[in-house]
Amino acid sequence: MIHRRFSARSAAAWLGSVGLLAAAMCGCQQTHKPAPSNSSTAASSSTTAPPPPPPPPPPPVKIAPLPVRPVTKSQPTTPAVKCPATDPNAPLKETDVLTTCDIGRTTVYTLGPETMQLGLTHVEPPKSLTADYYELTLVLDAPSAAAWATFTAAHLQDHMAFIRDNMVLEAPIIEQPAESGRIVLTTQTAQGAAQLAQLVGRPA
């Protein structure tokens, strides 16, 4: 009988411990239950404003017009024939006669009154054709291209000079009508080509 009471009490105590353990486990599961996620908050936090539009491209540089004058006389520089002093910023009237040199200071030119001014839209980078020959291409605007084509057709074999800063950039002899809308200048060194491009492409 004593053994049975002990067994019954032990079984009751064991059942009570099991019940407390189950209750504790249920309580832990309820306590650690994750909170539901807020999908609207996550969506709003992940949404970013669209990037601003890119800035507009800078306006094209307007190149200063290129004066053209007739050559009335030219002679190489020598110890006796030197280039006159030239002020690139000195004002010069269109009707004035100009005595000046080329940028290489190898030739003295006497130039008549200004014939026209050519509008340029673009100056292409210097191109090396040989080790000692570089060319620079100037692109004329439409009115200047038409005017230059008409002028060259009527003045074959005339000696003309392109001017910048009261110096001669180049003085070609017109051999045929120039109808391409382009003018090609030449020089013999890379440094001279770079200087020529800088002078011709000067902003207005």
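Why does cysteine 83 count as buried? At 15% relative accessibility, cysteine 83 falls into that class, since buried means under 20% relative accessible area, with exposed over 50% and partly exposed in between, using a 1.4 Å probe and protein chains only.

Before I go on, please keep in mind that this is a predicted model, in which local features need pLDDT of at least 70, side-chain atom pairs count only at pLDDT 80 or more, and totals for chains, interfaces and linings use all residues. Residues are numbered from 1 along each chain as its sequence is written, and side-chain values use heavy atoms, with hydrogens and water left out.

Cysteine 83 forms a disulfide with cysteine 101, their sulfur atoms being 1.9 Å apart, where a disulfide is a pair of cysteine sulfur atoms within 2.5 Å. The torsion about their S-S bond is about -100°, so this disulfide is left-handed. Cysteine 101, at 4% relative accessibility, counts as buried.

Now to the aromatic rings, of which the structure holds two pairs; rings of Phe, Tyr and Trp (its six-membered ring) pair if their centres lie within 6.5 Å, and planes under 30 degrees apart count as stacked, over 60 as edge-to-face and the rest as tilted. Tryptophan 148 and phenylalanine 151 are stacked, 5.8 Å centre to centre with 15° between the planes, and both are buried. Tryptophan 148 also pairs with phenylalanine 162, and this pair is tilted, at 5.7 Å centre to centre and 55° between the planes. Phenylalanine 162 is buried as well, and Trp148, Phe151 and Phe162 together form one aromatic cluster.
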